[in-house]
Amino acid sequence: MCTPDELACTYSALILADDDVAITADKLQTILKAANVKVEPFWPGLFAKALTDVNVKELVTKIGSSAGSGPAAGAGAAAAPVEEEKKEEKKEESEEESDDDMGFGLFD
């Protein structure tokens, strides 16, 4: 899990990347001050150094596009468990109805 300081720096870096501005510690700190967010002083420098040679826009788009891509058979395999769950739900519903038919219930 991320700390609030990490999240603030991440959002600041994304703002800078969206505006095609180089991500530096000073610019991260400027955005954080404008948002009235206080973080430990090492976070902006750490993020700036980590993102020095990284194209953040490309990184975000690659992560988003690779999550859904997979083998062509993956779509069919993913649909099968959903159908099984529906069948199980129907079985559970029929079992509950049979309990009601027997004349007793939870609050009787």
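This is a predicted model: local features need pLDDT of at least 70, side-chain atom pairs count only at pLDDT 80 or more; totals for chains, interfaces and linings use all residues.
Local features require pLDDT of at least 70, side-chain atom pairs count only at pLDDT 80 or more, and totals for chains, interfaces and linings use all residues. Residues are numbered from 1 along each chain as its sequence is written, and side-chain values use heavy atoms, with hydrogens and water left out.

The largest nonpolar core has 14 residues. A core of this kind is a set of buried Ala, Val, Leu, Ile, Met, Phe, Trp, Tyr and Cys residues joined through side-chain atoms within 4.5 Å. Buried means under 20% relative accessible area, exposed means over 50%, and partly exposed lies in between (1.4 Å probe, protein chains only). C9, I23, L28, V39, F47 and L51 touch the most other members of the core. Two or more residues come from each of α1, α2 and α3 (42–50). Helix α1 gives the most, with five residues. Helices are DSSP runs (H or I, at least four residues), numbered from the N terminus, and strands are DSSP runs of E with at least two residues.

I23 lies in the loop between α1 and α2. I23 has a relative accessible area of 14%, so it counts as buried. Neighbours up to four places away in sequence set aside, I23 touches A13, L16, A17, L28, A48, L51 and V56. Contact here means heavy atoms within 4.5 Å. I23 and T52 are 29 residues apart along the chain, with 7.1 Å between their C-alpha atoms.

On the surface, L7, Y11, L14 and V60 form a nonpolar patch. Accessible areas come from the Shrake-Rupley method with a 1.4 Å probe; for residues, only the protein chains shown count as cover. Patch members have over 30% relative accessible area and no salt bridge; nonpolar side chains (Val, Leu, Ile, Met, Phe, Trp, Tyr) are joined within 5 Å, like charges within 9 Å. Helix α1 (residues 4–18) supplies the largest share of the patch, three residues. L14 is found in this helix. L14 is partly exposed because its relative accessibility is 35%.

The whole structure contains two salt bridges. The criterion is a side-chain nitrogen of Lys or Arg within 4 Å of a carboxyl oxygen of Asp or Glu. One joins the side chains of K57 and D20, at 3.0 Å from N to O. This pair links distant parts of the chain, 37 residues apart: K57 sits in helix α4 (residues 56–68), and D20 in the loop between α1 and α2 (25–34). K57 is partly exposed at 36% relative accessible area, whereas D20 is exposed at 62%. The other bridge pairs K62 with E58, with the closest N and O atoms 3.1 Å apart. K62 and E58 are four residues apart in helix α4, so about one helical turn separates them. E58 is partly exposed, at 38% relative accessibility.

Backbone angles were also examined. Most residues other than glycine have a negative phi, and most peptide bonds are trans. D20 is not a glycine, yet its phi is positive, about 55°. N36, also a residue other than glycine, has a positive phi near 60°. N36 is placed in the loop between α2 and α3. N36 is exposed, with a relative accessible area of 64%.
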